[in-house]
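Good morning, colleagues. Today I would like to discuss the pockets and the cavity in one protein model.

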Amino acid sequence: MPQNLIVTADDLGLATEINHGILESHTNGIVTSASLLVNAPETQAGIGIAKANPGLETGLHWSLVEGHCLMGKTCSLTDPVRYLGEPICLHRHWKPFLLRLTTFRLNLKELEAELELQARAFLKEFPTVPFANGTQHMHLMPGVREIVIRLAKKYKIRALRIPTQVILTPGVENRGFFCNAMQFLGQRFAAKLKGSGIKVAKAFAGFDMSGSVQADRVCRLLDALPQGTTELMVHPGYDCPLLRENLPWGYAAFNWGGELAAMTDKEVSNKVDSLGIQLIRFGNL
């Protein structure tokens with residue numbers, strides 16, 4: 001069985017610096033796919049990049065946290081701080097979202113309405129949704145995953161990010177507990193998808209070095225890839241002081257530039273070629 005790799009850059013639309021970094025990582029690097037936020041400050045510019053570069057497979061980055069609330073009203077999904085400008089924002093981080101979800105203070109009907117608005121917004125610009133995932137992986141949570149499955153079926157979303165096998169990066173000892181939890185949730189999510197026809201990559205990588213992807217780490221990861229298809233999640237970009245200032249809980253130490261450098265590093269692309277790894281998209285699953 002061949003080794004296939006989907007390289008997905010998350011957060012298209014979040015900021016100008018992120019948009020430009022994702023485009024650079026695709027044009028001069030190994031990024032094959034990008035997940036688009038339809039409720040962010042630079043969404044329209046991100047859509048323009050996607051339409052002008054059809055080789056960059058663009059899917060939906062469902063915003064459960066971190067983004068504007070498309071319903072446009074204060075509700076159980078929203079944050080008291082308008083950290084992305086004037087529009088009402090969703091929870092800034094996974095912690096308040098998860099706290100509300102687990103204490104039954106998050107209205108799942110409101111969540112489904114918000115995610116459906118996001119799917120419709122995507123489909124106003126693109127004919128189909130080739131793949132989808134969720135911000136900060138909150139789409140994996142019980143209660144949320146059932147909504148995601150319903151909407152994926154309704155809108156004929158072809159593939160989802162479901163980490164049934166989380167690949168750890170050799171030499172990186174980080175987020176071990178969360179990697180295990182993600183795999184546990186992913187396996188249970190995948191069981192609910194049986195018979196749906198929705199595609200899932202065999203393995204998922206990059207979570208343990210999110211915000212600190214480096215070329216040497218990627219090369220070690222490539223040596224450790226399993227047979228079949230792995231999705232590598234990355235966040236390339238140019239440095240964005242505004243995000244550091246307005247969202248310090250997520251981006252105070254985030255190294256977008258380092259991830260951009262890794263994605264365009266010749267050592268990485270040469271390693272892909274030397275190992276015979278095929279760079280593919282979700283549409284190839």
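I begin with the second largest pocket, which is lined by A50, P54, L56, E57, T58, F122, F126, P127, T128, P130, R158 and G283. On a 1 Å grid over the protein atoms alone, a pocket is an open set of points with protein on both sides within 12 Å along at least five of seven lines, a cavity is a set where a 1.4 Å probe fits but cannot get out, and lining residues have an atom within 4 Å of a point. This model is predicted: local features need pLDDT of at least 70, side-chain atom pairs count only at pLDDT 80 or more, and totals for chains, interfaces and linings use all residues. Residues are numbered from 1 along each chain as its sequence is written, and side-chain values use heavy atoms, with hydrogens and water left out.

The volume of this second pocket is about 210 Å³, a volume being the space filled by probe spheres set on grid points joined across faces, edges and corners.

The largest pocket has a volume of about 820 Å³. Its lining comprises 31 residues, and W94, Q136, H137, R175 and F207 lie nearest its centre. Which helix supplies the largest share of that lining? It is α6, with six residues. At least two lining residues each come from β1 (3-12), α3 (94-102), α6 (176-193) and α9 (248-251).

Finally, there is one cavity of 30 Å³ or more. About 40 Å³ of space lies in this largest cavity, and its lining residues are L160, R161, I162, V200, A201, A203, F204, E231 and F282.

Note on methods
Helices (H or I, at least four residues) and strands (E, at least two) are DSSP runs, numbered from the N terminus.
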